[in-house]
Amino acid sequence: HITPEKFYVEACDDGANDVLIIDRVSTEVTLSVKKDIPPSAVTRPIFGILGTIHLVAGNYLIVITKKKKIGEFFNHVIWKATDFDVLSYKKTMLHLTDIQLQDNKTFLAMINHVLTVDGFYFSTTYDLTHTLQRLSNTSPEFQEMSLLERADQRFVWNGHLLRELSAQPEVHRFALPVLHGFITMHSCSINGKYFDWILISRRSCFRAGVRYYVRGIDSEGHAANFVETEQIVHYNGSRASFVQANSRINTTLLVSETKPQVQTTATDQQSSKSCLDGFQRHFDSQVIIYGKQIIINLVNQKGSEKPLEQAFAAMVSSLANGMIRYIAFDFHKECKNMRWDRLSILLDQVAEMQDELSYFLVDSAGMVVSNQEGVFRSNCMDCLDRTNVIQSLLARRSLQAQLQADVHVRLGVLHVGQKLEEQDEFEKIYKNAWADNANACAKQYAGTGALKTDFTRQAVRTGKRTQLGLLMDGWNSLIRYYKNNFSDGFRQDSIDLFLGNYSVDELESHSPLSVPRDLKFLALPIIMVVAFSMCIICLLMAGDTWTETLAYVLFWAVASIGTFFIILYNGKDFVDAPRLVQKEKID
């Protein structure tokens, strides 16, 4: 309910009488009751408060205006937030200068850009930020906490936006922790037995960013592009889960990449110690949270990726930690010529380790039957494409064990000797869900869908890729190249602003947004596009003779290719660099 002076947020639960009042002038937040809502207020439905943010014009309230039901999770409804609105506390912008107006408009565009990236999920009654195993190992006091208080802060993407509400425990019911990543739920049937199969990927908000601007670890050991993926099965009151983790190979190394050469930054004693300290702090926290760490390194063991593989292996060895094991598997070498059936080599290699890690299982009476003793941590250069393929195969192997009927205490959905790969209907659901998971995480991080999803969707049993899949990979790689070079600076700034890595100060004498662009940043890419377009037009509109047409085509082809190589050679002069938090682009 909106008035010129206040926002009134009414709780619409059955029997609820609470109203959150936000003063648009003083920004004070108080709790009241429904009778205090003025009849003159303009009323509109919302589905939750994402939080508040301070921009040049003042404070803004961000609310969820549309939602989509994903499914029910142990009788708790899970929603995807699909649309948002950003409401200004100020009634007018007359107090701003022209420059401030332009900056405020840019900051609003950044916030709206993050909100348009698919993948925000929430529940009003269930804690989505914790795995089943973590939730099972909690105290009664923990269960009494609000969702915001008990949430795993690594995965609360609106934590910064909720900082004002979180300071007042009495209003926590209005503060919804929102997850960013991917969630899918399916009701499945095998042998006439119905069970729920759920896949959740939780993207960490610590050291979040885009592909070429956020790599490495920070001083607290937070790794870039860290994602926790949990597969859950619910059958006849029993629940099982299998958790995996991934982050970029060079998130655990403080590295600088320049192609065709890749080098670590540990070039002297001090930087080497800093690198090892961050590495050790990261894995110390991972062992505390998850237990044993089995690192699967999927990068190439030759060429530009080889130094990273060697450095990673050396640093794991230097830890001398029996809880951490390291396995190198050259994905591209082993699977060249589209021989993806050779991934069975890796699965056979880690089979005994996976059996030792086990999985989490709790029976219908609530008794914990088994705990997962550690996680597979898959790494490739970006932890998008190769990583997702391996994770889907490891998750299938765990699911096979969970659903099996034998002398051990398991769910008993499958008959003895029966294989998941033989269940065509479930296989279709399974493959598509993992491919959708890959696409969602890839779009959030790299700006395009994932590569190699044709394998995840279709080729698990045949061990072959499709030619169409190969073409789609080429197209996605091309789009990635463009976005990562010409639009990722704005995307990175948007994420930093949203997560609170940069705070707007309207009194700042020099706005970081006022950094002028070099004219060639726009001019040469435009010339390249025009030249390439003219080349295509000349082909489509042939002249009187082929000689004349060929001459035009060659002229524009040389112009477009020449301009492309000028851009490529000058590299960082043509990237869209972040302006809010300084980051050096890694080519």
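The structure is a predicted model, and every value below was computed from it. The chain holds 16 helices and 18 strands, and buried residues account for 52% of its 587 residues. Among the contacts in the chain with a separation of 6 or more, 67% are between residues 24 or more positions apart.

**Largest pocket**

- The largest pocket has a volume of about 890 Å³, and of the 34 residues that line it, those closest to its centre are E10, A11, C12, F47 and G48.
- At least two lining residues are supplied by each of strand 1 (6-10), strand 4 (48-55), strand 5 (58-73), strand 6 (76-88) and helix 4 (147-150), while the largest share, four residues, comes from strand 1.
- Divided by class, the lining of the largest pocket consists of 21 nonpolar, eight polar and five charged residues.

**Cavities**

- Rolling a probe the size of a water molecule over the atoms shows where empty space is left.
- When the whole structure is searched, three cavities of 30 Å³ or more are found, and the second largest cavity has a volume of about 40 Å³.
- The lining of the second largest cavity is formed by F122, S123, Y126, D127, L128, T129, L147 and P177, a set that divides into five nonpolar residues, two polar residues and one charged residue.

**Helix 10 and helix 11**

- The axes of helix 10 (residues 385-403) and helix 11 (residues 424-445) come within 10 Å and cross at roughly 145°, and the crossing in which helix 10 passes helix 11 is right-handed.
- On the side of helix 10, the residues that meet helix 11 are N388, Q391, S392, A395, R396 and L399, and their counterparts in helix 11 are F426, E427, Y430, K431, W434, N437 and A438.
- By class, this contact of helix 10 with helix 11 contains six nonpolar, four polar and three charged residues.

- H1 is found in the segment before strand 1, and H1 counts as buried because its relative accessible area is 18%, whereas the cut-off for a buried residue is under 20%.

**H76 in strand 6**

- H76 is placed in strand 6 and, at 24% relative accessibility, counts as partly exposed.
- Not counting residues up to four places away in sequence, H76 touches G71, S123, T125 and Y126, and the C-alpha atoms of H76 and T124, which are 48 residues apart in sequence, are 8.3 Å apart in space.
- Two of the residues that H76 touches, S123 and Y126, are also among those that line the second largest cavity.

- Most residues other than glycine have a negative phi.
- R207, a residue other than glycine, has a positive phi near 60°; R207 lies in the loop between strand 9 (193-203) and strand 10 (227-235), where, with a relative accessible area of 28%, R207 is partly exposed.
- A320 likewise has a positive phi, of about 50°, although A320 is not a glycine, and A320 lies in the loop between helix 7 (306-319) and strand 15 (324-328).
- A320 counts as exposed because its relative accessibility is 69%, whereas the cut-off for an exposed residue is over 50%.

Key:
Residues numbered from 1 in each chain as written. Predicted model: local features only at pLDDT ≥ 70, side-chain atom pairs only at ≥ 80, totals over all residues. Heavy atoms only, no water. 1 Å grid on protein atoms, 1.4 Å probe; cavity = no way out; pocket = protein on both sides within 12 Å on 5 of 7 lines; lining within 4 Å. Points joined across faces, edges and corners; volume = space filled by probe spheres on them. Nonpolar A, V, L, I, M, F, W, Y, C, P; charged D, E, K, R; others polar. Axes fitted to C-alpha atoms, helices over the stretch in contact; angles between N-to-C directions. Left-handed = near helix turned anticlockwise from the far one by under 90°. Contact = heavy atoms within 4.5 Å. Buried < 20%, exposed > 50% of the residue type's maximum accessible area, 1.4 Å probe, protein only.
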